[in-house]
Amino acid sequence: MHEPATYRNEQASMIGIGEYRIGSSPMVTIGLGSCIGLTLYDPNLKLGAMVHIMLPESGGREDRPGKYADTAVPLIIKELVALGCKNRSIVAKIAGGACMFEYFGTGLNIGKRNADKVRILLQECHIQLAAEDVGGKVGRSVTFLPADNGRVLIRRADGSSNNL
Amino acid sequence: MKLSDVQADAIQELGNIGAAHAATTLSVMLGSTIEMRVPAIKVVDLSQLGEYMGEESAAMVAFELQGEIPHGGYILFYITRESAVRLTNTMLGLTQIDRPLDEMDESALIEVGNIMVSAFLDATAELLGLVMLPSPPALTIDMAHAAMQSLIAQLQEETNEVLLFSTELVCEEHRIDSDIIMMPETSTLMRIVELLENMVKV
């Protein structure tokens, strides 16, 4: 275990587990395993939001709304709408939802449950899901650039990367 | 989750004993001296996990803590990718450093993880009188944060903080740097602390 992490992007805001951010500056989540990195982007206002979701259901907990899909998705949509975004113009992208440990994963597969839940919630809120890079057994880091037309860049441990 | 200094000291001592046994087994496997660093105890808020575990590529052999407590949390053998190659090279008599890890490496890593974690838990069971058994091992070689995050999501007890309790084991001769990291469920941690406190009273 290394401490503190050597990785630090000065310009981008780090979105840790259960955190979210609204704005137009770059945002980063590192090392998504079963977690989901959800980005929403409104091309008309050039405004975006990113949230780092860990579990599908909050079970009534309200202390960290960004941690659960069922509280995070409505919350960030509401905040974007409050800033003038329209549901029909918002574009969503999701990454993560992997199963890192196959042995433990068989019964639980939290990654898949997270991704399924986010997709359903987006549909319920009439948000278009434009692209996704989910599942498998690989970790992903996500950089979100609202100012660059909502570009989402995915990086993996093997050094490969792609745009969403 | 807040530990008093006395409780933290007690857990550190537990780690010392567990890691010393694990270090001995690694030393025998490699035929080389293993040095053990002072165990570190960190209470980490989930949103800050990236401060401790980053994007670095590492091999992690994870076990669920089972036995008297059915779902006690997780314990893992953590080794950076570079050290993992040097470790399996030493074991398998290979020399090439810049190479992909194949099935043979994976088997070797799982075996080392299994032996070390078993040694760690044997020693702590003897001290605590609480039997914690490792589940079958699960290996991943990927971003450290992604693996740790996945284990945290699997914890049974809902929490915003985790206690990471790690001991670094270093082999200078072969430049191998590894950690044993324990992440107990909150109730398991409390049980361990209680057992340690009772021991001090007697």
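Q: Why is Met29(B) called partly exposed?
A: Count the C-beta atoms around it: Met29(B) has 17 C-beta neighbours inside 10 Å. A residue is buried with 20 or more other C-beta atoms within 10 Å of its own, exposed with 12 or fewer, and partly exposed in between (C-beta atoms are placed from the backbone). With 17, Met29(B) therefore counts as partly exposed.

Q: What kind of model is this, and how are things numbered?
A: This is a predicted model, where local features need pLDDT of at least 70, side-chain atom pairs count only at pLDDT 80 or more, and totals for chains, interfaces and linings use all residues. Residues are numbered from 1 along each chain as its sequence is written, while chains are lettered from A and ligands numbered from 1 in the order in which they are written.

Q: Which residues does Met29(B) touch, and what makes that a contact?
A: Two residues are in contact if their C-beta atoms, placed from the backbone, lie within 7 Å. Setting aside neighbours within four places in sequence, Met29(B) is in contact with Met91(B) and Val112(B). As for Ser166(B), it sits 137 residues from Met29(B) in sequence and 21 Å away in space, C-alpha to C-alpha.

Q: Where does Met29(B) sit, and what makes something a helix here?
A: Met29(B) is found in helix H1 of chain B. Helices (H or I, at least four residues) and strands (E, at least two) are DSSP runs, numbered from the N terminus. By that rule chain B has five helices and eight strands, in the order α-β-β-β-β-α-α-β-β-α-β-β-α from the N terminus on.

Q: How do you know how H1(B) and H5(B) lie to each other?
A: Look at the angle: H1(B) and helix H5 (residues 186–201) of chain B pack at about 95 degrees, with their axes 10 Å apart. Axes are lines fitted to C-alpha atoms, for helices over the stretch in contact, and angles run from 0 to 180 degrees between N-to-C directions. Angles under 35 degrees count as roughly parallel, over 145 as roughly antiparallel, 65 to 115 as roughly perpendicular and the rest as oblique. That makes H1(B) roughly perpendicular to H5(B). Gln7(B), Ala10(B), Ile11(B) and Leu14(B) of H1(B) make the contact with Val193(B), Leu196(B), Glu197(B) and Val200(B) of H5(B).

Q: What makes a residue in that contact nonpolar, polar or charged?
A: Ala, Val, Leu, Ile, Met, Phe, Trp, Tyr, Cys and Pro count as nonpolar, Asp, Glu, Lys and Arg as charged, and the others, Gly among them, as polar. Sorted that way, the contact of H1(B) with H5(B) has six nonpolar, one polar and one charged.

Q: How are H2(B) and H3(B) arranged, and how do you know?
A: Helix H2 (residues 81–92) of chain B packs against H3(B) at an angle of about 95 degrees, with the axes 10 Å apart. H2(B) and H3(B) are therefore roughly perpendicular to each other. Among the residues meeting there are Met91(B) of H2(B) and Val112(B) of H3(B). The class count is eight nonpolar, one polar and one charged.

Q: Which hand does the crossing of H1(B) and H3(B) have, and what decides it?
A: A crossing is left-handed if the near helix is turned anticlockwise from the far one by less than a right angle, and right-handed if clockwise. H1(B) passes H3(B) in a right-handed crossing. Helix H1 (residues 5–30) and helix H3 (residues 103–128) of chain B pack at about 145 degrees, with their axes 8 Å apart. Their contact has 13 nonpolar, four polar and one charged residues.

Q: How do you know whether each chain agrees with a compact globule?
A: The radius of gyration is taken over C-alpha atoms, and the globule rule is 2.2 Å times the number of residues to the power 0.38. For the 202 residues of chain B the rule gives near 17 Å, and chain B has 16 Å, which agrees. For the 164 residues of chain A it gives near 15 Å, and chain A has 15 Å, which agrees too. Buried residues make up 44% of chain B and 48% of chain A.

Q: What does each chain bring to the contact between A and B?
A: Chain A gives 33 residues and chain B gives 31 residues. On the chain A side, strand E3 (27–32) and helix H2 (102–108) each supply at least two, and H2(A) gives the most, with four residues. That side has 20 nonpolar, nine polar and four charged residues.
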